[in-house]
Every structure is written in C-alpha cells, then in structure tokens.
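Good morning, everyone, and thank you for making time for this short talk. Please have a look at the chain and its fold first, and then we will go through one part of the picture together.

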Amino acid sequence: MNNNNIAPSIIAIPKGKGWKKQIRETLQEKLAQTLADYKPVIGEKKFDDRIRKTARLFREDILKSIPKRQKKEKSNGQQAPA
C-alpha cells in the first residue's frame with residue numbers, strides 16, 4: 001500500500017514557519033468535529049487529551065511521508081577563489 005499520496009489529499013501542506021504546528025491544529029480540529037458524539041461519553045478532559053495525542057501521531061506519520069526540503073546554502077558575500 002502506497003501512503004505517499006495520502007497526506008496532500010487530507011490537508012494542504014502550508015509553507016513558512018510553524019507549518020508543522022498548523023498541521024497538528026488542523027488535524028485536532030477535524031478529529032474533534034468528526035468525533036464530537038463521543039465527547040459526552042468519555043468526558044471533555046479525556047476526549048481533548050486523546051484528540052491531541054492522536055493528532056500528534058497522525059502528524060508524525062504525515063511528516064514521514066513528506067520528502068525533506070532542501071536547505072539552501074547561504075553565501076556570506078564571499079566569492080569562491082578563481
């Protein structure tokens with residue numbers, strides 16, 4: 001089973017700083033909305049804790065499937081010797 005195509009279809013991968021946090025927050029919101037019927041059954045505190053942990057695990061899996069970004073080399077204004 002190829003899981004590489006799952007991440008982009010679930011959420012758009014944001015760019016810039018804090019994009020990992022945005023992924024986690026989006027997952028938490030979507031899970032909480034989807035599983036809202038279970039909140040009264042298990043209690044609000046336990047529900048929130050489990051949603052947070054589940055979102056973290058999903059995020060880790062998603063990040064594993066995303067290829068690493070290439071770091072750009074910074075030039076310090078110095079040119080290579082000719």
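Predicted model: local features only at pLDDT ≥ 70, side-chain atom pairs only at ≥ 80, totals over all residues.

Arg24 has a relative accessible area of 25%, and buried would require a value under 20% while exposed would require one over 50%, so Arg24 counts as partly exposed.

The protein chain has 4 helices and 0 strands, and if you follow the elements from the N terminus on, they run α-α-α-α. Arg24 lies in helix H2, and when residues up to four places away in sequence are left out, Arg24 touches Ala55 and Arg59.

For Gln28 and Arg52, which are 24 residues apart in sequence, the distance from C-alpha to C-alpha is 6.2 Å.

Helix H2 covers residues 19-34 and helix H4 covers residues 44-65, and their axes come within 9 Å of each other and cross at roughly 130°. With that angle, H2 and H4 are therefore oblique to each other, and the crossing in which H2 passes H4 is right-handed.

Which residues of H2 and H4 meet? On the H2 side we find Trp19, Lys20, Ile23, Arg24, Leu27, Gln28, Leu31 and Ala32, and on the H4 side Phe47, Ile51, Arg52, Thr54, Ala55, Phe58, Arg59, Ile62 and Leu63. Sorted by class, this contact of H2 with H4 has 11 nonpolar, 2 polar and 4 charged residues.

Finally, let us step back to the chain as a whole. Among contacts in the protein chain with a separation of 6 or more, 59% are between residues 24 or more positions apart. Of the 82 residues of the protein chain, 18% count as buried, and the accessible surface of the chain comes to about 7500 Å², of which 50% belongs to carbon and sulfur atoms.

Definitions and conventions
Residues numbered from 1 in each chain as written. Heavy atoms only, no water. Axes fitted to C-alpha atoms, helices over the stretch in contact; angles between N-to-C directions. Helix = DSSP H or I, 4+ residues; strand = E, 2+ residues; numbered from the N terminus. Parallel < 35°, antiparallel > 145°, perpendicular 65-115°, else oblique. Left-handed = near helix turned anticlockwise from the far one by under 90°. Contact = heavy atoms within 4.5 Å. Nonpolar A, V, L, I, M, F, W, Y, C, P; charged D, E, K, R; others polar. Buried < 20%, exposed > 50% of the residue type's maximum accessible area, 1.4 Å probe, protein only. Areas by Shrake-Rupley, 256 points an atom, 1.4 Å probe, with all protein chains shown as cover.
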